[in-house]
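Here is a briefing on the fold and packing of one protein chain. Please look over the model before reading on.

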Amino acid sequence: MKYYTIHEMTEILGVTAQTLRNWDRSGKLKPHHTSPNGYRYYSEDDLNQLLNKPVKKEGKTVGYCRVNSNKQKDDLERQIINMQTYLLAQGKPFEIISDIGSGINYKRKGLQELIKGMANRSISKVVVLYKDRLTRFGFELIEYLADLYDCEIEIADTTEKTEQGELVEDLVQIITEFSCKLQGKGANKAKKMIKELTEND
């Protein structure tokens, strides 16, 4: 019996390796066996069984870029150029979605567009230059949602990226949101903290 590597299966089925891994986890398509070094192998029977069922067309690749504020538009343009260069090197069609907004704001138009694309399976891969460009907090939750819909999230640069200014802005937004619900001395303390943070930055 003929056996296919994961690379051969991606070529035949027109899906990504991550999609095959997701199918393995969900039980939709499990490899016939896995070699001692971890490589998956699919049998001819596995392939024929799957080809008798409709295979979903692969969704698009989206590069996502974000900055905190309008003052950082130049940085956003640089991000987009870097993202385009990175995705062009992969040799597949792609789109760019960009946002201007805090990493703790989940109502960002671009982020909501990404999540909708994952849910309707029109997006199969999301690429971000840095993990915090997608979201400052809750990355694992978005990653889990993506996995449910066979969408891969790729981080181009996995080195730690520290930006004190952006962290301060995120902290200011958190304090501002909660201070709106406070009254009296609590609100005054929150306002004082915001002023100190912004002045120190």
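This is a predicted model: local features need pLDDT of at least 70, side-chain atom pairs count only at pLDDT 80 or more; totals for chains, interfaces and linings use all residues.

Residues are numbered from 1 along each chain as its sequence is written, and side-chain values use heavy atoms, with hydrogens and water left out.

**Overall make-up**
- The protein has nine helices and seven strands. Both are DSSP runs numbered from the N terminus: helices are H or I with at least four residues, strands are E with at least two.
- Of the 201 residues, 39% are buried (under 20% relative accessible area, with a 1.4 Å probe and protein chains only).
- Among contacts (heavy atoms within 4.5 Å) with a separation of 6 or more, 66% are between residues 24 or more positions apart.

**The three-stranded sheet**
- An open, antiparallel sheet runs in the order β1-β3-β2. Strands count as paired if DSSP finds at least two bridges between them.
- β1 (3–5) and β2 (33–34) are the edge strands, each pairing on one side only.
- β2 and β3 (residues 40–43) run antiparallel and are joined by two bridges. His33 has Tyr41 in β3 as its bridge partner.
- Helix α3 (residues 44–51) packs on this sheet and touches β1 and β3. The direction of α3 makes about 70° with that of β3. Axes are lines fitted to C-alpha atoms, for helices over the stretch in contact, and angles run from 0 to 180 degrees between N-to-C directions.

**The α1/α3 pair**
- The axes of α1 (residues 6–13) and α3 come within 12 Å and cross at roughly 25°.
- α1 and α3 are therefore roughly parallel (angles under 35 degrees).
- Met9, Ile12 and Leu13 in α1 meet Leu47, Leu50 and Leu51 in α3.

**Nonpolar cores**
- A nonpolar core is a set of buried Ala, Val, Leu, Ile, Met, Phe, Trp, Tyr and Cys residues joined through side-chain atoms within 4.5 Å.
- The largest has 15 residues. Tyr64, Leu114, Met118, Val126, Leu134 and Ile153 have the most contacts inside it.
- β4 (60–67), α5 (109–119), β6 (123–128) and α7 (139–148) each give two or more residues to this core.
- Leu134 touches Tyr64, Arg108, Leu111, Leu114, Val128, Phe139, Ile142 and Ile153, not counting residues up to four places away in sequence.
- A second, separate core has 11 residues, including Ile6, Leu13, Val15 and Tyr42.

Conventions. Buried means under 20% relative accessible area, exposed over 50%, partly exposed in between (1.4 Å probe, protein chains only). Angles under 35 degrees count as roughly parallel, over 145 as roughly antiparallel, 65 to 115 as roughly perpendicular and the rest as oblique.
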